[in-house]
Amino acid sequence: MTEVAAILAVAINKLPTAIVTVREGARALDPALDEMAKVFAMPRLRTLRHIVIPQLAPYLAAAGRSGLSLVWKIVLIVELLGRPNGVGFEIGIAFQLFDVTRILAYALAFVVVILAIETLVVQPIERRASRWRLRTA
(Lines give C-alpha, C1' and ligand atoms only; values in the text may rest on other atoms or scores of the structure.)
Protein backbone atom coordinates (compact mmCIF):
# COMPACT_ATOMS: atom_id res chain seq x y z
CA MET A 1 0.00 0.00 0.00
CA THR A 2 1.43 3.36 -1.00
CA GLU A 3 1.34 6.56 1.03
CA VAL A 4 -1.36 7.98 -1.24
CA ALA A 5 -3.55 4.89 -0.76
CA ALA A 6 -3.16 5.10 3.03
CA ILE A 7 -4.10 8.79 3.07
CA LEU A 8 -7.00 8.13 0.72
CA ALA A 9 -8.30 5.33 2.98
CA VAL A 10 -8.31 7.70 5.95
CA ALA A 11 -9.95 10.52 3.98
CA ILE A 12 -12.66 8.28 2.51
CA ASN A 13 -13.49 6.99 5.95
CA LYS A 14 -13.69 10.34 7.75
CA LEU A 15 -14.83 12.84 5.13
CA PRO A 16 -18.55 11.86 5.03
CA THR A 17 -18.94 12.31 8.79
CA ALA A 18 -17.22 15.70 8.73
CA ILE A 19 -19.33 16.84 5.78
CA VAL A 20 -22.56 15.84 7.51
CA THR A 21 -21.55 17.65 10.71
CA VAL A 22 -20.70 20.88 8.86
CA ARG A 23 -23.83 20.57 6.71
CA GLU A 24 -25.97 20.40 9.84
CA GLY A 25 -24.18 23.51 11.08
CA ALA A 26 -24.97 25.26 7.82
CA ARG A 27 -28.63 24.33 8.21
CA ALA A 28 -28.61 25.85 11.69
CA LEU A 29 -27.32 29.26 10.51
CA ASP A 30 -29.49 32.13 11.68
CA PRO A 31 -31.21 33.65 8.63
CA ALA A 32 -31.80 36.90 10.54
CA LEU A 33 -28.05 37.50 10.73
CA ASP A 34 -27.74 36.91 6.99
CA GLU A 35 -30.56 39.36 6.39
CA MET A 36 -28.84 41.90 8.65
CA ALA A 37 -25.65 41.57 6.60
CA LYS A 38 -27.62 42.22 3.41
CA VAL A 39 -29.38 45.26 4.92
CA PHE A 40 -26.04 46.77 5.95
CA ALA A 41 -24.51 45.82 2.58
CA MET A 42 -21.68 43.85 4.15
CA PRO A 43 -19.22 42.47 1.62
CA ARG A 44 -19.45 38.70 1.18
CA LEU A 45 -15.99 38.05 2.63
CA ARG A 46 -16.74 40.13 5.71
CA THR A 47 -20.09 38.35 6.15
CA LEU A 48 -18.32 35.03 5.92
CA ARG A 49 -15.67 36.06 8.47
CA HIS A 50 -17.91 37.78 11.02
CA ILE A 51 -21.26 36.02 10.68
CA VAL A 52 -21.04 32.62 9.01
CA ILE A 53 -17.77 31.19 10.38
CA PRO A 54 -18.50 32.13 14.03
CA GLN A 55 -21.83 30.32 13.77
CA LEU A 56 -20.17 27.30 12.16
CA ALA A 57 -17.28 27.22 14.65
CA PRO A 58 -18.88 24.73 17.07
CA TYR A 59 -19.71 22.38 14.19
CA LEU A 60 -16.22 22.70 12.71
CA ALA A 61 -14.73 21.97 16.14
CA ALA A 62 -17.00 18.95 16.56
CA ALA A 63 -16.01 17.67 13.11
CA GLY A 64 -12.32 18.20 13.91
CA ARG A 65 -12.53 16.57 17.31
CA SER A 66 -14.52 13.56 16.09
CA GLY A 67 -12.17 13.33 13.13
CA LEU A 68 -9.17 13.21 15.40
CA SER A 69 -10.80 10.55 17.56
CA LEU A 70 -11.53 8.35 14.55
CA VAL A 71 -8.62 9.01 12.22
CA TRP A 72 -5.88 7.82 14.56
CA LYS A 73 -7.58 4.42 14.80
CA ILE A 74 -7.87 4.17 11.04
CA VAL A 75 -4.22 5.15 10.63
CA LEU A 76 -3.16 2.38 13.01
CA ILE A 77 -5.26 -0.20 11.15
CA VAL A 78 -3.99 0.95 7.73
CA GLU A 79 -0.42 0.73 8.97
CA LEU A 80 -1.09 -2.64 10.60
CA LEU A 81 -2.65 -4.18 7.50
CA GLY A 82 -0.89 -2.54 4.60
CA ARG A 83 2.21 -0.55 5.44
CA PRO A 84 5.79 -1.78 5.98
CA ASN A 85 6.39 0.88 8.65
CA GLY A 86 4.64 3.10 11.16
CA VAL A 87 3.25 2.74 14.65
CA GLY A 88 0.48 0.35 13.57
CA PHE A 89 3.02 -1.88 11.84
CA GLU A 90 5.25 -1.89 14.93
CA ILE A 91 2.32 -2.72 17.20
CA GLY A 92 1.43 -5.61 14.86
CA ILE A 93 4.98 -6.98 15.03
CA ALA A 94 5.04 -6.65 18.81
CA PHE A 95 1.68 -8.43 18.99
CA GLN A 96 3.03 -11.31 16.90
CA LEU A 97 6.03 -11.56 19.22
CA PHE A 98 3.84 -11.34 22.37
CA ASP A 99 5.87 -8.30 23.44
CA VAL A 100 3.34 -6.58 25.72
CA THR A 101 5.84 -3.99 26.93
CA ARG A 102 6.52 -2.85 23.37
CA ILE A 103 2.80 -2.76 22.54
CA LEU A 104 2.10 -0.58 25.57
CA ALA A 105 5.07 1.68 24.83
CA TYR A 106 3.91 2.33 21.26
CA ALA A 107 0.28 2.70 22.31
CA LEU A 108 1.12 5.17 25.10
CA ALA A 109 3.42 7.16 22.81
CA PHE A 110 0.63 7.37 20.24
CA VAL A 111 -1.89 8.46 22.89
CA VAL A 112 0.51 11.18 24.06
CA VAL A 113 0.87 12.49 20.50
CA ILE A 114 -2.91 12.55 19.99
CA LEU A 115 -3.47 14.31 23.33
CA ALA A 116 -0.76 16.83 22.43
CA ILE A 117 -2.52 17.56 19.12
CA GLU A 118 -5.82 17.99 20.97
CA THR A 119 -4.30 20.25 23.64
CA LEU A 120 -1.91 22.30 21.51
CA VAL A 121 -3.82 22.56 18.23
CA VAL A 122 -7.55 21.78 18.49
CA GLN A 123 -8.34 23.47 21.82
CA PRO A 124 -6.57 26.79 21.02
CA ILE A 125 -8.32 26.98 17.66
CA GLU A 126 -11.66 26.27 19.32
CA ARG A 127 -11.03 28.89 22.03
CA ARG A 128 -10.10 31.48 19.42
CA ALA A 129 -13.13 30.67 17.29
CA SER A 130 -15.53 30.94 20.21
CA ARG A 131 -14.01 33.89 22.07
CA TRP A 132 -16.77 36.17 20.78
CA ARG A 133 -19.26 34.22 22.92
CA LEU A 134 -17.41 35.27 26.06
CA ARG A 135 -17.73 38.94 25.17
CA THR A 136 -21.48 38.76 24.57
CA ALA A 137 -22.35 36.75 27.68
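Mentor: A residue is called buried under 20% relative accessible area, exposed over 50%, and partly exposed in between, with a 1.4 Å probe and protein chains only. The model is predicted, so local features need pLDDT of at least 70 and side-chain atom pairs count only at pLDDT 80 or more, while totals for chains, interfaces and linings use all residues. Residues are numbered from 1 along each chain as its sequence is written, and side-chain values use heavy atoms, leaving out hydrogens and water.

Helices are DSSP runs (H or I, at least four residues), numbered from the N terminus, and strands are runs of E with at least two. Helix α5 covers residues 100-129, and F98 sits in the loop between α4 (87-96) and α5. F98 is exposed because its relative accessibility is 72%. Its phi is near 55 degrees, a positive value in a residue other than glycine. Most residues other than glycine have a negative phi.

Rings of Phe, Tyr and Trp (its six-membered ring) pair if their centres lie within 6.5 Å; planes under 30 degrees apart are stacked, over 60 edge-to-face, and the rest tilted. This rule gives a count of 1 aromatic pair. It joins W72 and F110 in a tilted arrangement, at 5.9 Å centre to centre and with 50 degrees between the planes. The pair links distant parts of the chain, since W72 belongs to helix α3 and F110 to helix α5, 38 residues apart. F110 counts as buried because its relative accessibility is 15%, whereas W72, at 27%, is partly exposed.

I125 is also found in helix α5, and its relative accessible area of 56% makes it exposed. Together with V113, I117, L120 and V121, I125 makes a nonpolar surface patch of about 460 Å². Patch residues have over 30% relative accessible area and no salt bridge; like charges are joined within 9 Å, and nonpolar side chains (Val, Leu, Ile, Met, Phe, Trp, Tyr) within 5 Å. A salt bridge is a side-chain nitrogen of Lys or Arg within 4 Å of a carboxyl oxygen of Asp or Glu. Areas follow the Shrake-Rupley method with a 1.4 Å probe, and for residues only the protein chains shown count as cover.

For a sense of distance, V122 and K38 are 84 residues apart in sequence and 32 Å apart in space, C-alpha to C-alpha. K38 lies in helix α2 and is exposed, at 62% relative accessible area.
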